[in-house]
Amino acid sequence: MTRPQGVVPSAAGLIPFAHLGWGYTDRAEFLVQAAAYIADGLKRNHFIAYVGEQSRDELQAELAAMPAIRERLDEIQVTPIEEHYVYLPGSGGVVDAERSVANYVAAARQAIANGYTGFRAVVDAAAVARTPEQRAAMTSLEYVVDQKMAVEPFSALCAYDTRQLGSAAAELTCLHPFTREGASSFRLYAQPGTTFALTGEIDAAIDALFATTLHRTWALMQDDPVMVDAQDLQFISHRQLVALDHCARADHRTIVLRTNQRVVTRLVGLLGLTHLRVEPVTDQN
Amino acid sequence: MQTMSAHGEGAGFVHSALFYRDQPEYLHGVVPFILDGLRKGEPVLVAVPTDNLALLRDALGDVTAELTMADLCVVGRNPARILGIESAFAAGHAGPVRVVGEPIWPGRTADEYPGCVQHEALVNLAFEGTGASVLCPYDACQLAGDVLADARMTHPLVAQSGSRGSSADYAPDDALARYNQPLPHSPEAVAYVTNTHADLRALRSFAARHAQWLGLSPDGLADLQIIATELATNSLDHTGGACRLALWRHDAHVVCEASDSGRLGDPLAGRRPPAGDAVTGRGLFLVNAMADLVRTHATPTGTTIQVYLRPDPALEVTA
């Protein structure tokens, strides 16, 4: 079954396990989204974790200011971000993606064992995404955790303060099946039955972002061929198709774009690409 | 602009026009050229219109299995695409190749014809220094005298009535200049200006919205969005300035025109397949391959490219 995805106006009213990437410039606006996401999780009997750069007291004060939440503060786990993730030793705040995701999975399973129907985190993550090294590590975390979220009962609202990160926030928001308008014109996320899904529009405006994302995630994709669900990819220009082909060729692998879009098939044929091919979507795949 | 050698010939390169008056003369000129190439072990591409392709198939019988054949009424409707087909064929073989190329036939439209002459002139530049032999048949009975005169300008050698000689009128640069003319516009055109890469999404929305109204099919709209994006990206990347994209209906086509303030310095841009490792430089090549017709007007202060698309491209056949 195709995993739901989309560009959404708010964090309210989404599917039970929606992984949402949310860039924001207004802290108050973020808190409104966080409140909606948490309230929805509480209603569904999810275990809730609230994580941010501030101290525990400051984070709790933020929750206490949320009208729908303040009555249930003691049901929410509040954690400063330096305690939430595991970090690479001596790295100055670069997350250890593998161990951090393992902790997420363990926490989600523990929540289920404790009678919850799921695990839901709200993480304000700019503090661990300020440098290129931090964002590369967070790319790994977001990519791998999304693969887990596609099959396990947990979800997250991952917020990135664009006043701090600027356009670099898109390097991380593009790794979520759900984003807000203007976050990134494309998204790369987990799709069961394939290596990942690619959706949105990819052209010269985000050539560098796409190349960075591909470079950072490629080593995490072990499949050969790398199967890409491109059925909802609205546009891709020839440069990114060539970049995908070069990436696969350099690693002696093949990428398969699964789509019924005639124009993508035509482009790949005209470009004479050797390590990228198009496969139609059928009931069987 | 690159200039061409005095005779359009490099090391062994031969580019001849063949003026024929009937089918026997056609076969008498073309068949020995093909068979001689095969005897020498030279791969042969036959790229001619539908009727003459059938004529050659009948005449050559089993030999056709040794040839690469392309119907130019199908894959060469856009004259700016033909050099890509011929160049790809040559690049696919190590040694000299032979090409029978007949880009001009009596059914060519006035819109298509300038591009055909440009193609013939550029064959000299594209194959200069190679061992290629290119023979271009012209129907001397049905084509106008002006067309044959142009052929004398674009071919260093002309064969007719069983003999071949140098063309005293050979001047391919002059032919290119003669057909580098301002292109017709439409007062009904709607336009969108792309100033930065961030405008490309809005450009595609604009193009799809208006082309749908002009009658383009869903497949045609998808093609147009690629073409509009490639043309605008090309302008932004190579001129640093804006690209004005206009759309209108012209007879049986939707026309997409991109204009910018750049100078198109390489007359072969987009006409040959890009190198295998190149990431850029493929935009115009793709546009030429996807369009029904591409017309260009280049000046030192600006370039205009018009792309003609049929409302329903589902019938297209790729090479």
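1. Buried here means under 20% relative accessible area, exposed means over 50%, and partly exposed covers the range in between. The model is predicted. Asn45(A), at a relative accessible area of 35%, is therefore partly exposed. This residue belongs to the loop that connects α1 (27-43) with β3 (46-52) of chain A.

2. With a relative accessible area of 53%, Ser161(B) is exposed. Most residues other than glycine have a negative phi, and most peptide bonds are trans.

3. The peptide bond between Asp224(A) and Pro225(A) is cis, with omega at about 5 degrees. Pro225(A) is located in the loop running between α8 (207-218) and β10 (226-229) of chain A.

4. Chain A contains an open sheet of seven strands with parallel pairing, ordered β1-β7-β2-β6-β5-β3-β4. At its edges stand β1 (6-7) and β4 (76-80) of chain A; each has a single partner strand, so one side of each lacks a neighbour in the sheet. Within this chain, β3(A) and β5 (residues 118-124) run parallel and are joined by six bridges. Val51(A) has Val123(A) of β5(A) as its bridge partner.

5. Two helices of chain A lie across strands of that chain. α1(A) lies across β2 (19-24), β3, β4, β5 and β6 (154-161), and runs at about 175 degrees to β5(A). Helix α5 (residues 132-149) of chain A lies across β2 and β6, at about 155 degrees to β6(A).

6. In chain B, an open sheet of five strands shows antiparallel pairing in the order β8-β9-β10-β12-β11. Its edge strands, β8 (190-194) and β11 of chain B, each pair on one side only. On average, and ignoring direction, neighbouring strands of this sheet are turned by 15 degrees against each other. The antiparallel strands β9 (residues 243-250) and β10 (residues 253-260) of chain B are connected by seven bridges; Leu247(B) has Cys256(B) as its bridge partner in β10(B).

7. How do helices α5 (residues 113-127) and α6 (residues 145-154) of chain B cross, and within what distance do their axes come? The axes come within 9 Å and cross at roughly 25 degrees. The two helices, α5(B) and α6(B), are therefore roughly parallel to each other, and the crossing is right-handed. On the α5(B) side the contact is made by Tyr113(B), Val117(B), Glu120(B), Ala121(B) and Asn124(B), and on the α6(B) side by Asp146(B), Val147(B), Asp150(B) and Thr154(B). Classed by type, the residues of this contact comprise four nonpolar, two polar and three charged.

8. Helix α10 (residues 283-290) of chain B is largely enclosed by the rest of the structure, because eight of its eight residues are buried. The buried residues of α10(B) include Phe285(B), Asn288(B) and Met290(B). Their cover includes elements of both chains: α9 (238-250) and α10 (262-271) of chain A, along with α4 (79-91), α9 (218-239), β11 (293-299) and β12 (302-309) of chain B.

Conventions:
Residues are numbered from 1 along each chain as its sequence is written. Chains are lettered from A and ligands numbered from 1 in the order in which they are written. This is a predicted model: local features need pLDDT of at least 70, side-chain atom pairs count only at pLDDT 80 or more; totals for chains, interfaces and linings use all residues. Side-chain values use heavy atoms; hydrogens and water are left out. Buried means under 20% relative accessible area, exposed over 50%, partly exposed in between (1.4 Å probe, protein chains only). Helices (H or I, at least four residues) and strands (E, at least two) are DSSP runs, numbered from the N terminus. Contact means heavy atoms within 4.5 Å. Axes are lines fitted to C-alpha atoms, for helices over the stretch in contact, and angles run from 0 to 180 degrees between N-to-C directions. Angles under 35 degrees count as roughly parallel, over 145 as roughly antiparallel, 65 to 115 as roughly perpendicular and the rest as oblique. A crossing is left-handed if the near helix is turned anticlockwise from the far one by less than a right angle, and right-handed if clockwise. Ala, Val, Leu, Ile, Met, Phe, Trp, Tyr, Cys and Pro count as nonpolar, Asp, Glu, Lys and Arg as charged, and the others, Gly among them, as polar. Two strands pair if DSSP finds at least two bridges between them.
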